[in-house]
Amino acid sequence: MRILISNDDGFFAPGLKALVKAMMEIGEVVVVAPNKDYSGASNSLTLDRPLVVHQHEHNVYSVNGTPVDCVHLAITGLLDVAPDIVVSGVNNGANLGEDTIYSGTVAAAMEGFMLGLPAIAVSLVGKKCEHFATAAKVARDVVLSCKDIVKQSPFLLNVNVPDAPLDSITGTRITRLGRRHRAEGVVETKNPRGQAVYWIGAPGTVKDRSSGTDFGAVEGGSVSITPLQVNLTDVSVGERFDFLSR
Ligand code: MN
């Protein structure tokens, strides 16, 4: 199995190292990752400058672009042989509920999915994020378990792993995305010239952690696996806008 690995925390992130180590046990690994931290980059593509690829060693590349740039470039031009699966992570922090919309980790996997491949995003859930090896081993086992369906049709899995030793993980749950409350406000501060500048504030606290959600699973000490789709159509309220139809 040929495994393309990327992330959004950047080429030097410890989560990427842990993931590469675990995936090398089960397949041929190719790394194409951003050369800096692109957390929160979502599905952005770089269209106003060329992308430069730096080869570090055989099958290991960094790119001066976003996570989606990396996966797009890898699959549509850089690699001679297409990968069988894309794995993104291990992200330094949760990608639960609405986080998935902003996440570069999820977006890198989603790009593989949109280009017709199975793809898995892996994130470590915790304040300190110490147990990247746990999440990497979970990801390895998920890929192994999916081995037989990899060739069938593309899928996109969002995997969140509690930041804990592997033997204290209580199980694996197939989940739906939960919800957060609206995000905290921006944080205003001053630059050295006295001008007001702003930091994007913290994500909202958890609103829906009910049974069956991703938040509920990780808070119960389990791995959360949420199958994702890309189509954003809200079929449930389509009729409400019939009045706009001509
Ligand atoms: Mn990140």
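## A walk from helix pair to metal site

H1 and H5 cross in a right-handed sense (right-handed if the near helix is turned clockwise from the far one by less than a right angle, left-handed if anticlockwise). Bear in mind that this is a predicted model, where local features need pLDDT of at least 70, side-chain atom pairs count only at pLDDT 80 or more, and totals for chains, interfaces and linings use all residues. Numbering starts from 1 along each chain as its sequence is written, and side-chain values use heavy atoms, with hydrogens and water left out.

**Stop 1: H1 and H5.** Select H5, residues 132–145, together with H1: the axes come within 8 Å and cross at roughly 40°. Axes here are lines fitted to C-alpha atoms, for helices over the stretch in contact, with angles from 0 to 180 degrees between N-to-C directions. The two helices are therefore oblique to each other (under 35 degrees is roughly parallel, over 145 roughly antiparallel, 65 to 115 roughly perpendicular, the rest oblique). Helices are DSSP runs of H or I with at least four residues, strands are E runs of at least two, and both are numbered from the N terminus.

**Stop 2: H2 and H4.** Move to residues 67–78 (H2) and 104–114 (H4), whose axes come within 8 Å and cross at roughly 20°. That makes H2 roughly parallel to H4. Pick Pro-67, Val-68, Val-71, His-72 and Ile-75 in H2, and you'll see them meet Gly-104, Ala-107, Ala-108, Glu-111 and Gly-112 in H4.

Stay on H4: nine of its eleven residues are buried (under 20% relative accessible area; exposed is over 50%, partly exposed in between, with a 1.4 Å probe and protein chains only). Those buried residues pack against H2, H3 (99–102) and strands S5 (85–92), S6 (119–125) and S7 (156–162).

**Stop 3: the manganese ion.** Zoom in on the metal and pick Asp-8 (OD), Asp-9 (OD), Ser-39 (OG) and Asn-91 (OD1), which coordinate the manganese ion at 2.0 to 2.3 Å. Donors are N, O and S atoms within 2.8 Å of the metal (3.2 Å for Na, K and Ca), and water is not among the atoms, so sites may look incomplete. Along the chain, the donors follow the spacing D-D-x29-S-x51-N. Asp-9 sits in the loop between S1 (2–6) and H1 (14–23), and Ser-39 in the loop between S2 (28–34) and S3 (53–57), so the pair ties together parts 30 residues apart in sequence. Colour by accessibility to finish: Asp-9 is buried at 16%, whereas Ser-39, at 42%, is partly exposed.

Definitions and conventions:
Contact means heavy atoms within 4.5 Å.
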